[in-house]
Amino acid sequence: MLLKKNYPPEGNSRTPPSREELLSAAADGSILEATAVRCDADHNLHVALGAYTGIIPREECALGIDTGKTREIAILSRVGKPVCFRVLSINGTQCILSRRAAQREALDALFSSLSPGDIIPARVTHMEPFGAFVDIGCGVVSFIGIENISVSRISHPSERFFPGQDIRAAVLSVDRTLERVTLTHRELLGTWEENAAQFSVGETVCGIVRSTEDYGVFVELTPNLSGLAEKRFPVAPGQTVSCYIKSILPERMKIKLNLIDLLTGFSVPPMEYFVDGDHLDRWQYSPDCCLTRHIATEFC
């Protein structure tokens, strides 16, 4: 499958490239994608190409492998997954491929076009307690810190994302020296007022317990909106509850709740993005009338 010049994340191809696509890519440098089916003892990746044998030599498997900047796990973890590549040569039925060359082209294109505040597509690859790693094109990895995933606090990125999930994210910084793009996600999930507008005083709604404190229980109503409820019965983070909305106070950026019941089998609604465009100059979460807290992001 031939990838477009916008360098999408790996994982868009469902069929191996045809003979004609391979020959064309060898001639014009187009980027293709297929599945890595094996990593041999020398850490060369073998790629399924139908009647052809595709090999990505170890040093061509990823940017930074040749210098040690990228660890060997970046090769091993590609087995069974799609990989982007350029065709370096075809000798009979054997194709020598380079994922590194595809990544280099994608990264150069990203650096030449991206600025802080740009909103781009990304695909979640894996998660750690401190944040989520995402593919922003041809296997080029970027990072979203856990504090930038949502305004509502979470203990692990898996509470918001899952591997393989397609998301949108905003560019927080571009470091051309370190060849690093850092992303943020919370700015796309709406302001306090946009989220609070979905609820009314007197309603009973569902939410997820995110933390319990001596003075109450924080219940997430949306990824960017939480309320505080009095403790009426034992609950633990991660449990779902129904709660009654007592008051909505934009001047204090607070929602007061009463716990009603502990729920089972509640499905968390999908995330909703509140940004339609492809760029943000500034984002302010706090209502203008709120004088107690100020949450905003300046993209510069």
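Two strands count as a pair here if DSSP finds at least two bridges between them. With that in hand, here are some close-ups of this predicted model.

**View 1. Strand S1 meets strand S4.** Let's start with S1, which covers residues 31–39, and S4, which covers residues 82–91. The two run antiparallel and are joined by five bridges. To find your place, look for isoleucine 31, whose bridge partner in S4 is arginine 86.

**View 2. Strand S1 turns back into strand S2.** S1 also pairs with S2 (residues 45–49), again in the antiparallel sense, this time over three bridges. Cysteine 39 sits opposite leucine 45 of S2. Together S1 and S2 make a hairpin, and five residues lie between the two strands.

View 3. For a parallel pair, zoom in on S13 (residues 225–230) and S15 (residues 254–263), which share three bridges. Leucine 228 faces lysine 256 of S15 across that pair.

**View 4. Around glycine 207.** This glycine belongs to strand S11, residues 204–213. Is glycine 207 buried or exposed? Glycine 207 has a relative accessible area of 2%, so it counts as buried, the cut-off being under 20%. Setting aside neighbours within four places in sequence, glycine 207 is in contact with Val219, Glu220, Gln239, Thr240 and Val241. Glycine 238 is 31 residues away from glycine 207 in sequence, yet their C-alpha atoms are 9.7 Å apart in space.

**View 5. The largest nonpolar core, and another one.** Which residues touch the most other members of the largest nonpolar core? They are Val134, Ile136 and Leu183, out of 29 residues in that core. At least two residues each come from helix H3 (99–113) and from strands S6 (119–128), S7 (131–135), S9 (166–175) and S10 (180–184). H3 gives the most, with five residues. Apart from this core lies another one, made up of 22 residues, including Val205, Val209, Val241 and Leu259.

**View 6. A closer look at isoleucine 136.** Leaving out residues up to four places away in sequence, isoleucine 136 touches Tyr7, Leu110, Ile120, Pro121, Ala122, Ser142, Val181 and Leu183.

Notes
Residues numbered from 1 in each chain as written. Predicted model: local features only at pLDDT ≥ 70, side-chain atom pairs only at ≥ 80, totals over all residues. Heavy atoms only, no water. Helix = DSSP H or I, 4+ residues; strand = E, 2+ residues; numbered from the N terminus. Buried < 20%, exposed > 50% of the residue type's maximum accessible area, 1.4 Å probe, protein only. Contact = heavy atoms within 4.5 Å. Core = buried A, V, L, I, M, F, W, Y, C linked by side-chain atoms within 4.5 Å.
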